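I opened this model to take notes on its fold. I want the overall picture, then a few strands in detail.

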Amino acid sequence: MNVKERIEELRHEMRERGIEAYIVPSSDPHQSEYVAEHYTARTFITGFTGSAGTAIITLTDAGLWTDGRYFIQAESQLKDTGVTLFRMGETGVPTVEGFLKQNLNKGAKIAFDGKVISVEYFRGLKKSLESNEFSYEVSEDLIDKIWKNRPQRPCSKVVLHDVAYAGESRESKLAKVVLEMKTMGAEYYVISGLDDIAWLLNIRARDVKCNPLTIAYAVLSEEKYYLFIDDRKIDSVVRAELEKANVEIMPYDSIGEFLEKIKVGTILLDAARTSTWIYSAIKVKVIEAMDITTKFKAIKNDIQIENTRNAMVRDGVAMVKFISWLKKTIKTRNITEIEASDKIEAIRSLGENYYDLSFASISAYRANASMPHYSATQKDQATIVQESFYLLDSGAQYLDGTTDITRTLAVGPLTIEEKTDFTLVLRGMINLTMQRFLYGTTGSNLDIIARIPLWNAGMDYKHGTGHGVGFFLNVHEGPHRISVAPNTVKLEKGMIVSNEPGVYKAGKHGIRIENLVVVEEIENTLYGGQFMKFETLTLCPIDLEAIDVSLLTVEEKTWLNNYHKTVFEKLSTYLKGEELEYLKQATVAI
């Protein structure tokens with residue numbers, strides 16, 4: 001079936017139930033950003049493969065709402081599907097709520113699968129649409145009715161994450177979280193976030209591509225801890241370790257019934273991470289707050305940070321080997337985007353403690369890089385030739401850390417415009433890295449620093465400047481971020497965040513430069529207070545061939561030279577021959 005046929009089958013199911021609009025989000029029952037194939041319902045019904053977006057199907061129309069990262073990709077993938085692209089945030093574009101108000105009669109029935117939409121989202125939707133007196137049906141997954149041969153829920157084996165990497169035992173984490181739960185006045189704590197559960201119990205798996213997670217729920221009480229999971233994933237060694245920590249294994253689908261049986265006490269949960277279905281099963285008082293685990297997980301301990309530094313050395317070595325290969329090979333033959341992404345994956349996979357990629361690599365030549373989340377396919381990919389830019393945004397999951405790096409590389413002669421754009425992006429990245437800031441500062445306070453060189457040239461980028469990064473966990477991790485979007489989360493010592501400004505010119509080129517940094521404390525001054533700074537973790541040359549040195553300030557050149565000196569000192573021991581020679585040239589002082 002093609003997308004149009006799938007939409008018509010869905011409409012048939014809707015008519016039988018008197019439903020006039022069906023909402024299909026990107027999420028799974030755990031509100032994950034990246035989901036297992038079983039939960040890619042929005043992709044199934046629209047053909048759009050980006051990680052963020054919401055589809056609305058009515059009896060006469062179909063729409064997809066997504067953000068600026070995906071406008072170009074969505075426009076291409078929705079062609080001839082009958083699905084209209086709604087560019088979120090653009091002037092004159094209706095929101096999901098606005099569309100429903102405009103296109104449905106008063107009292108119409110709206111439906112969605114209550115297992116994949118959070119209670120917070122549902123509340124906001126109902127409040128926005130209150131005057132229209134819509135009714136809601138949230139108990140049935142209609143996509144499942146029409147998705148023949150739907151992939152099964154994944155069942156990968158759970159593995160233990162050694163405390164030598166994690167830096168803290170599961171027993172310690174559980175005790176700390178339960179103490180906080182009690183302080184907040186709750187007797188039970190429901191955790192739906194897969195990365196929160198993996199962090200809390202020091203377990204990992206392969207249920208979600210590029211994310212070392214297992215699909216599960218957890219419920220904590222003062223007396224006992226419960227893990228709701230398909231027990232086929234748990235071998236005797238893992239079971240024994242969990243039981244030693246007072247964790248009882250329960251069937252995955254039994255959590256609703258378990259919660260219904262709690263008749264006394266108060267339950268703590270995060271309404272943004274808890275599904276409408278889970279919430280409806282609760283019969284006692286509820287306290288809603290950001291997950292305790294999310295806050296603890298974001299602040300890496302000293303062991304995790306040191307492990308991450310070690311992982312960055314191996315990842316940097318892999319990147320230098322790749323760039324050396326690319327720069328040499330492109331002089332003798334063309335390279336496809338997929339060949340390039342396969343090459344970096346192969347090099348990384350040979351490294352110590354390698355587990356998986358941390359996300360699907362963005363391997364983009366020239367105009368394709370103007371789509372921030374471009375994905376090359378065998379059918380539709382570019383061939384890299386000796387001209388312009390090639391962009392690689394990639395990373396890996398290591399037992400001792402998660403990496404995410406973007407390098408935009410000159411693969412041939414550059415225009416003045418290309419070199420100017422690259423240098424402005426670089427200046428933004430450097431300036432944010434160098435900025436000291438007072439404790440209490442949030443990412444939204446700092447975001448403008450990376451944009452100033454671009455704004456002064458009349459340019460901008462339609463994504464955040466930085467996202468939190470997990471430790472052998474999700475490459476995108478909250479609650480902190482660096483973005484124009486308001487964020488009240490303070491940047492704390494030990495938080496790891498990306499720094500990745502960019503420029504995207506449709507039909508021309510895309511440029512992004514990304515390092516990961518960790519927040520550190522510096523001096524506490526008499527007339528200011530506690531100051532913080534960023535330490536750069538990523539170790540990889542920034543392409544000197546792409547820089548217009550005349551546009552850099554003395555301070556920016558000094559930072560770049562010092563950074564390249566550090567890169568050479570940290571990586572040169574592990575390289576030899578042509579690769580070592582490339583590193584010497586790539587890190588020479590300017």
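**Entry 1: the annotated region.** I started from the record. An unreviewed UniProt entry marks residues 6-134 as "domain: Creatinase N-terminal". I am looking at a predicted model, so I keep that in mind throughout. Over residues 6-134 I find 33% helix and 16% strand. The end C-alpha atoms of this stretch lie 25 Å apart.

**Entry 2: the whole chain.** I counted elements next. The protein chain has 19 helices and 30 strands. Its C-alpha atoms fill a box of roughly 70 × 55 × 50 Å along the principal axes. Does the radius of gyration agree or disagree with a compact globule? For 590 residues such a globule would come near 25 Å, and the chain has 25 Å, so the value agrees.

I then looked at cover and contacts. Of the 590 residues, 58% are buried. The protein chain exposes about 24,200 Å², and carbon and sulfur atoms supply 50% of that. I also checked contacts between residues at least 6 apart in sequence: 69% of them join residues at least 24 apart.

**Entry 3: strand S19.** How many of its six residues are buried? Six of the six are, and the strand is mostly covered. Side chains in a regular strand alternate between the two faces of the sheet. In S19, Phe389, Leu391 and Asp393 point one way. Tyr390, Leu392 and Ser394 point the other way, and all are buried.

Which strands pair with S19? S17 (residues 362-365) does, antiparallel, over four bridges. S22 (residues 405-410) also pairs with S19 in the antiparallel sense, over six bridges. Isoleucine 362 stands opposite aspartate 393, and aspartate 393 stands opposite threonine 406 in S22.

**Entry 4: a three-stranded sheet.** I moved on to an open sheet with the order S16-S20-S21 and antiparallel pairing. Its edge strands are S16 (354-357) and S21 (401-402), each pairing on one side only. S20 (residues 396-398) pairs with S21 over two bridges. Glutamine 397 has threonine 402 in S21 as its bridge partner.

**Entry 5: helices on that sheet.** Which helices did I find against it? H14 (residues 302-329) lies across S20 and S21, and runs at about 130° to S20. H15 (residues 337-349) packs on the sheet as well, touching S16 and S20. The direction of H15 makes about 160° with that of S16.

Key. Residues are numbered from 1 along each chain as its sequence is written. This is a predicted model: local features need pLDDT of at least 70, side-chain atom pairs count only at pLDDT 80 or more; totals for chains, interfaces and linings use all residues. Side-chain values use heavy atoms; hydrogens and water are left out. Two strands pair if DSSP finds at least two bridges between them. Contact means heavy atoms within 4.5 Å. Axes are lines fitted to C-alpha atoms, for helices over the stretch in contact, and angles run from 0 to 180 degrees between N-to-C directions. UniProt positions are given in the numbering used here, feature names are shortened, and annotations may be inferred rather than shown by experiment. The radius of gyration is taken over C-alpha atoms; the globule rule is 2.2 Å times the number of residues to the power 0.38. Buried means under 20% relative accessible area, exposed over 50%, partly exposed in between (1.4 Å probe, protein chains only). Accessible areas come from the Shrake-Rupley method with a 1.4 Å probe; for residues, only the protein chains shown count as cover.
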